[in-house]
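Have a look at it first, and then we'll go from the overall picture to some ring pairs.

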Amino acid sequence: MSYKIRKAAILGAGIMGSKIAAHFANAGIPVYLLDIPPKELTEQEDKKGLSLDHPDVRNRIVKSGLDDAKKAKPAAFFVPEYADRITIGNFEDNMNWLSEVDWIIEAIVERLDIKRQLFDKVEQHRKPGAIVSSNTSGIPIHKIAEGRSDDFRQHFLGTHFFNPPRYLRLLEIIRTPETKDDVVSAISRFGEEVLGKGIVYCNDVPNFIANRIGIFSMMYAVKVMMDESYTIEEIDQLTGTIIGRPKSATFRTADLVGLDTFVHVANNLYESVPDDEQREVFKVPDLVNTMLERKMLGDKAKKGFYKKVKENGESKILTLDLQSLDYRERQRANFPSVEMYRNTDDVRERITNLVYSKDRAGAYLWKVLSETLLYTANRLPEITDDIRNVDKAMKWGFGWELGPFEYWDTIGLEKSVAKMKEDGKQIPGWVEDMLGKDMKSFYKIDENGDEHYFHFGEKEYKKTEDRPEFIFLPPLKRKKKVLKSNAGASIIDLGDGVLNLEFHSKMNAIGPDMIQMMNAAVKAADEDGYEGIVIANHGQNFSVGANVMMILMEAQDENWEELDMIVRTFQSANMNLRYSPRPVVVAPHGMTLGGGCEVTLHGDAVQASAETYIGLVELGVGVIPAGGGTKEFLLRMLDHAPANKEVDLFPYVRQAFETIGMAKVATSAVEAKKFGFLSDEDGVTMNAEKVIFDAKQRVLAMAKTGYRMPAPRTDIPVLGKAAYANMLVGLYMFREGKYISEYDEHIAKKLAYVLSGGNLVGTQYVSEQYLLDLEREAFLSLLGERKTQERMAHMLKKGKPLRN
């Protein structure tokens, strides 16, 4: 049977249900969001004379849930208007709507009896063949399905989303013995292609994969802290980005999730796994129970392990003292090994050095990591029989850079097992068997560059299956598909006549090496007969912009000729992309800021990851966009104007001025279209791992239809002194209202001068090069000013703009 999911229903409008609904709306799927009707009136409803039968009262709970999703930070919706794709109702009045939908997801309270009562109603209205799933994380899926009809059970499964569903890619799929294969396939395919999820298949056991391993790791981290007198700050330093985990680490994560939620999951595990050899680790410590009693629940209660306060108008964060349970000033963690290795770029090298260090940091990391690895290995085949499922679950659900078995390979399987034995640890039998067969890693690369993984069931290595729709650059590099490379970028053959320009400098900051390879890619594509170019990478961010440190150092040394040449070269490289004889498709993702945005603006087309955060942010560091960004964004705004000589062009110029001047950053690829950074014709890919494939297909389609490079523009209308004066009036009002500083106004005047075309009278038509020269001159003049250099230095040190 072929399943088409065109409409969905989410049952339960709590934290998870409302945000799952929001993400379906992001994916273009109309959604019904239902919850219980209230049992009593609020004081305000009573004063208005409303009854329990009034529609506003009946849907008060579900509306509140949707309103929370609308206000969520980070945003649950790509753009606010996508909330209109959600229709709200309740379990008593609107269950008949379920007859219209193709997938029903239950996300209500974690009580089996209440879930069964709800599914009694669902079965009365669900159309035959409609898929039904539960978002539970703690109740066995097969128990929820007990007693239902054959058709219901065959179309029922577990689909465990992670919060927030928009940002955490993991979708755990749990089938029952009766779930049809094609139902599992349909949800997996829809999850990957439409919702952009990473799919992991789990056994129907308590907390499935990610929460089982993740909660153990967090609880054990707390146990070692308390047993060995580490501080909260020390643990969060050691369990965050330094070892490839999220910045929120352990205790900041607990505050974000909510201590009550954390305790609920741990208690559920403790009750559900009586035979687990590490069951006592899930027993909530007295400290945490006391915090729970005192309502120290984390961010939702404005206090948890950390507390944000204001002193003298400034926000500061205090830390919980574990002895007194009072809050104190934060203490800086100080470990020699962390200081030594914190700047090691390679996360695998950094972790290995830290884990085997002889100081307190190394002792802590070894103890927690080794126990986590052993615990994970002991869960196979209970939670899954595929090590890849475990690694993917932890990366996609908990934001780890490496999964447990990848961590184990990183620190050396043979070496670490020997050390574990020295510590008196019992090694899982299947790991011992691996080593006995001289299998010294869970993953390996063969002589052809192909990856193999250890197959738990067959006890041998199996080749990782190729999926053409997922293009990964590292395997291509291993297979010697790199045509040219330097420290900043590489040109890689994607096959089918398409090149990929990969940025790989630190944070993908744009510097001379990268610019050199931009030009080389255009040249190679043309001279060697390639169909076109994709610009994409697998970095955490596409590009955070120019190398500010390099620019600042050159400015402080007053190397103005060198700086002028750097800017000219970057402008030229972007113009080479714009006027390449072969099509160029840019595939941005993550932060695409400043120079990264300028590269994107100069492609023939864009195939963006849905989670692309793009903007021209240069004014925040005291300059204007000068890699062609000011020119190109103005051109885009003007091209939106009707082809009518009588039309007033100033509103389009003003839009460019406001967007660049306010350093606006779109928080999704959809919002980027609203702002004008992407065009309506540009593509958006929901699944981040599919974006290079989609960009490649876009290049091939452009080449097939007879791509012709555009002609350089010499017809750009600029409005001259009148437009400049109008923009100055707006700036004056902003400064008088204290929305901007005097120096902000000074920078914005430079931007206004460029956007108005300089010192011209009346509307005139200019070339792209004319505007490029203006933006470069403005950039260099600002760069020579002390306050701009102070802003750059502040940004490098603090990571945020300085208002001066």
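What follows covers the whole chain and then its aromatic pairs.

A bit of housekeeping: this is a predicted model, where local features need pLDDT of at least 70 and side-chain atom pairs count only at pLDDT 80 or more, while totals for chains, interfaces and linings use all residues. Residues are numbered from 1 along each chain as its sequence is written, and side-chain values use heavy atoms, with hydrogens and water left out.

**The whole chain**

How does the radius of gyration agree with that of a compact globule? For 804 residues the globule value would be near 28 Å, and the chain has 28 Å, so the two agree. That radius is taken over C-alpha atoms, and the rule is 2.2 Å times the number of residues to the power 0.38. Along the principal axes, the C-alpha atoms fill a box of roughly 80 × 75 × 65 Å.

Of the 804 residues, 56% count as buried, meaning under 20% relative accessible area with a 1.4 Å probe and protein chains only. Take the contacts (heavy atoms within 4.5 Å) between residues at least 6 apart in sequence: 68% of them join residues at least 24 apart. The accessible surface comes to about 35400 Å², with 49% of that belonging to carbon and sulfur atoms; the method is Shrake-Rupley with a 1.4 Å probe.

**Aromatic pairs**

The whole structure holds 28 aromatic pairs. Rings of Phe, Tyr and Trp (its six-membered ring) pair if their centres lie within 6.5 Å; planes under 30 degrees apart are stacked, over 60 edge-to-face, and the rest tilted. Here are two of them:

| Pair | Centre to centre | Angle between planes | Class |
|---|---|---|---|
| Phe405 and Trp430 | 6.0 Å | 55° | tilted |
| Phe503 and Phe542 | 5.6 Å | 50° | tilted |

Phe405 sits in helix H18 (residues 404-411) and Trp430 in helix H20 (residues 429-436), so their pair ties together parts 25 residues apart in sequence. Both Phe405 and Trp430 are buried. They also belong to a cluster linked by ring pairs, with Trp408, Phe442, Phe454, Phe456 and Tyr461.

Phe503 lies in strand E17 (residues 498-503), while Phe542 is in the loop between strand E18 (532-535) and helix H23 (548-556), so this pair ties together parts 39 residues apart. Phe503 is buried at 2% relative accessible area, and Phe542 is buried at 0%.

Key
Buried < 20%, exposed > 50% of the residue type's maximum accessible area, 1.4 Å probe, protein only. Helix = DSSP H or I, 4+ residues; strand = E, 2+ residues; numbered from the N terminus.
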